[in-house]
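The following paragraphs go through a model of two protein chains, from overall figures to single residues. Please keep the coordinates open while reading.

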Amino acid sequence: MLSVFFANNVFSQQQPYDYKIEVLYSMTSIPDSNEVDKKKSEIMSLLIGNEQSLFTSRRYIAMDSAMTSELKKGNSFGPSMSFYEERGTKTTMTIFKTSSNIIYYGKPAPFINKVYQYYESKPILDWKIEDETTLISGIECQKATARFGGRNWIAWFAPSIGVNEGPYKFSGLPGLIVNIYDEKKHWILELMRIRNIDKSLDLNFSNIKPELIGSKTRFLEEKKYSMENRLQIMQSKGWTFEKPMATRKRFDKEAKEDNNWIEFLISE
Amino acid sequence: MAFSLSISSYSQQIISGKIKDSASNPISNANVSFKTVGGTSILGYTITDNTGEFELKMASEIDSIILNISHISFQSLIKNINTKNYKTVFYLKKQIDALEEIVVKSPPPIYKKRDTINYNVSAFSDNNDKAIRDVIEKLPGIEMDGDRILYNGRPIQKFYINGLDMLEGKYSLANENLPAEAVKSVQVIENDQPIKILDSLVFSDRASLNLKLKKEITVTGTTRVGIGGSPLSWDVNTTPMLFRKNIQGIGSYQANNIGKGIEKQLEDLTIEDYETNERKEFVKLVGVMPPPIESKRWIFNNINFSSTNFIKKFDNDLEIKGGVSYLNNNTDQSSYSEKRIFTGENEIRLNEEINTFQNQNNIKGNFTLHTNKKRLYFENKLSFEHEANEGKESIVANKSDIFQNTKDKYSSIKNDLDLKTFVGKKLIQFNSSSHILTTPQALNVSYSDTSSAIQNIKLNEWRTKNSASFIERVSNFTIIPEVGFLLEKKTLNSHLQEQNGNELDNNRNEISKISAIPYLSLGTQFNTKNLNIELNLPFRMTSIKLLDDNELNNKIDKLLIFPDVKLKYDLNSKWSVRIGSGFSQVFSEIDQLYSSPILVNYRNIQRFPLNLRGTKILDSYLSSSFKNPLKGTFIDFSLSNLERFRDFTPSYTINENGFYRFNLIDVPSQQSSFKFNSNLGKFLRKSKTVLKLKNSVSFDSSSEKLDSQENNIENFTYSAGLQVNNTLLEWLVVDFENRFLYSKKYIDGDERTSYSLQEYNFDLSIMPYENHLVSFNQNYTINQFQNSSKSYFADLEYQIQVPEWNIELELGLQNIFNEKEYISLFNTDFSVVENITRLRPRLFFVGLDFKF
């Protein structure tokens, strides 16, 4: 059975895939760096299998599987509105990690009905492990730091949990990353729970076929463009606005307030 | 790819190796890290490549390291190795034990998963909470009616601890004594079908409660020793508990004379129908009317209580459980009351100064065999009870002295059997329930004019009810045809001897009531995800015979149908509606079937015409509930109507001394009651506040006769309650409670009396330093009648916790202002009573609590 894994130097992730461990993190962020009191948080799920991991919003998985099962029943509208109200999310970031690659999927902005996909080759992180150890919720953890996406990250990993995985794109430490945050604490990912599972998952991105985009930079540029030209984009799709000037002002304000992405756009 | 910590490239050494599984296949993506011997932090690490190979660089001074190899699917390998030109192959074994599961963050305070609502105890508890009851009381969506736990306004069906139902309905023992800190979450399971074999066949609309403990194996409980004065007072309680996966036990010894009514811990609290009271009291002391204040303020008691309970679940799903408890309760109460009785145009006044002493001895036990499997359900419960009571009462009634005493006993044995199993593809069930009881009762009254009376009663009763049915599901319908029979015999013997001077009056009753009711019933349920409809149609061939002195006096032979229908509809995950209606008919009970008089107490004598009178009952309700657990919002309201169509009219004859006779007259009459109830519970997460708001309106009317004049009596009651609990600050807990009650009585459309009660409770707990707690409790009531009375109580308590020794020292002062009496007002059918109850004096006490 193991030989299967050795034979493939997989370029892409496999789906469906059997995951063995579910790790839940709470992801807390400050979307506007000028308003540090306005926080956003979401429960994120890291599913770990033998050779692949998946990190995305727990609600996104639930939405996706509800959508898929409704489609199988022939209901193309998907689950009811109340389902979205109760269990919906706008967080679409989805990251598959294999032994050689990191594959990112996500919408550039919530109002764009497109899922982009880009690849990064491992390693993307140059970890410095430090001497410092501490107990986090009873788990012995050691400190490691790395510069990534324009931020300085501080990670606490647990050598006793022998999985070289972590949330978001973070991995490659000799033990599970329990907590990770940037030095300004604008993005914080904290362990909530670890559970043994035996779950085969096939994520369908709410039935949108992903489009390959050249690189992370291209994706972030697309994201920036979408936020800055939201009115025109929406108008071009047939939306009409009663007071376009006022709407534009609001959209610009919202774009301005969304200035603290987990990875910054660093032009190549 | 290898990473290491601060090593100069000039003095490095490399160790390398290869990692394989037991079949010699290489393992890639394994973590390889090292520490120095005795070191705590990892100095360097790498991940094996596709050929399972690794290389670790390290400073050349290091000659021995601890190598740690780990992988998601294999057991970790930790090896102490010598670094000198080390190159070897390591073999990993397949992982057998799953990863240790960890929950770091506490879940949200309230959340719903399938049919279970989880309340996270730590989000609701504060420093002042001792037993889990203190927390349950605060949970939004849950109400407490005395010791009874209600969800959506209805009593819970089961009280589980870690999924086991040890105490059955007598859950108060655990609820009052299980320390709140041992409990992780309180779960309410809606629509709980406790019988696995009926799951998805028979719908249940009742809710159960489960306490999920923090640890799977819990040894807990408290021991409390308190002493105070004056007079010399004590409060002792030791209640050890053990909870393991398949065995649980609770033992308890409690004694106090400070007014704690622990006898309530023996009550069955899951019964939904309050009217099923098997006890018949023919003679009864006048007693003290309980004022609407806490028992610790007015009950003068000396109580001893002990109880042992256990449950053991075997691997084959067989459960045995049992319990025995003993209670000795002595109370000594006194009160003064002024009663005004309205007889037509007149008004009679009765003043009574009462001193009552009661002694109760009760022993109760039960033993149950139970198995609950997917294809077999079996339960046999055997229970017994024996009680012996004595009471003495001295009364000064309108200036004449009366002395009366009672003696009564009650013994019963009961067995309930329930078997459900599949025979082929059919689910068949048998139920059998039988009991026998005997209760001799005696009353002895001496009046001041030297006349006296002795009343002796003996009631014997046996009853057996057996039924067989099968359950079949056809698509969304479940059909339950049932056949059964009920046999019952009640025999009443009474003897009243009255002595007036030299005259001796003898009155005897020898009555038997024999009921034989074979029945056929068809139950139908229609269940879909959102809609449940239940329709029951029992046909009862009712045959009741009444024998007086062994001669047939009266009988009924009738085919009766008692249909009832229930509907529950879930509009969405938040709103649900219940609606139902049922019709039934009952016939006079033995306590209203005797033609020779029975003396109930010194001023009440009763007799009834010897015929079987029927009452038709129509009971309907409509209720709706809303819940949003994540937002902490719970709303429920209900409308209910109970109509009783009686073949008779209750009648009272009252003489000028206020002595009365109760009788039933063969004129049909009607009694109706209408009730509206609403409850709102809200948890405000940010301010850590629980808000509860209650409203209820009731309207009752009944036609009754007083001095042969027919009267229509109507009662209107409105009540509202507000409860606020705030735990925002660690060092301050604020509890506020307000209750308002307004009641009006009309006789034949004329407003007779109205009264109102306002009650305010304000409790503050302050933690000035860690482990020190000061609580100040205040209670203020205003009772408004023609004149108004106010009372104010305050208690102060200081607690010091010594966590290292698991003890808590308590200094308390109860009733600081030494209030001596409490004036309460009552409205009964034809009278209003103003009652003055003697209160417990100021009490200083010292208590020591040990936790284990």
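The accessible surface of chain A amounts to about 13,000 Å², and carbon and sulfur atoms hold 50% of it. Such areas come from the Shrake-Rupley method with a 1.4 Å probe; for residues, only the protein chains shown count as cover. This is a predicted model, in which local features need pLDDT of at least 70 and side-chain atom pairs count only at pLDDT 80 or more, while totals for chains, interfaces and linings use all residues. Residues are numbered from 1 along each chain as its sequence is written, chains are lettered from A and ligands numbered from 1 in the order in which they are written, and side-chain values use heavy atoms, with hydrogens and water left out.

Of the 268 residues in chain A, 54% are buried, where buried means under 20% relative accessible area (1.4 Å probe, protein chains only). Among contacts in chain A with a separation of 6 or more, 59% join residues 24 or more positions apart, a contact being heavy atoms within 4.5 Å.

The peptide bond between A:Gln15 and A:Pro16 is cis, with omega about -10°, and A:Pro16 sits in the loop between helix H1 (2-7) and strand E1 (17-29). A:Ser206, not a glycine, has a positive phi of about 50°. With a relative accessible area of 16%, A:Ser206 is buried.

Chain B contains four helices and 50 strands, and 48% of its 852 residues are buried. Strand E11 (residues 116-120) of chain B is largely enclosed by the rest of the structure, because five of its five residues are buried. B:Thr116, B:Asn118 and B:Asn120 point one way from E11(B), and B:Ile117 and B:Tyr119 point the other way.

E11(B) pairs in the antiparallel sense with strand E10 (residues 110-113) over four bridges; pairing requires that DSSP finds at least two bridges between two strands. Here B:Lys112 stands opposite B:Ile117. Two residues lie between the strands of this hairpin, in which B:Arg114 takes a positive phi near 50°. E11(B) also pairs in the antiparallel sense with strand E16 (residues 183-189) of chain B, over five bridges, and in E16(B) the bridge partner of B:Ile117 is B:Val188.

Methods
Buried means under 20% relative accessible area, exposed over 50%, partly exposed in between (1.4 Å probe, protein chains only).
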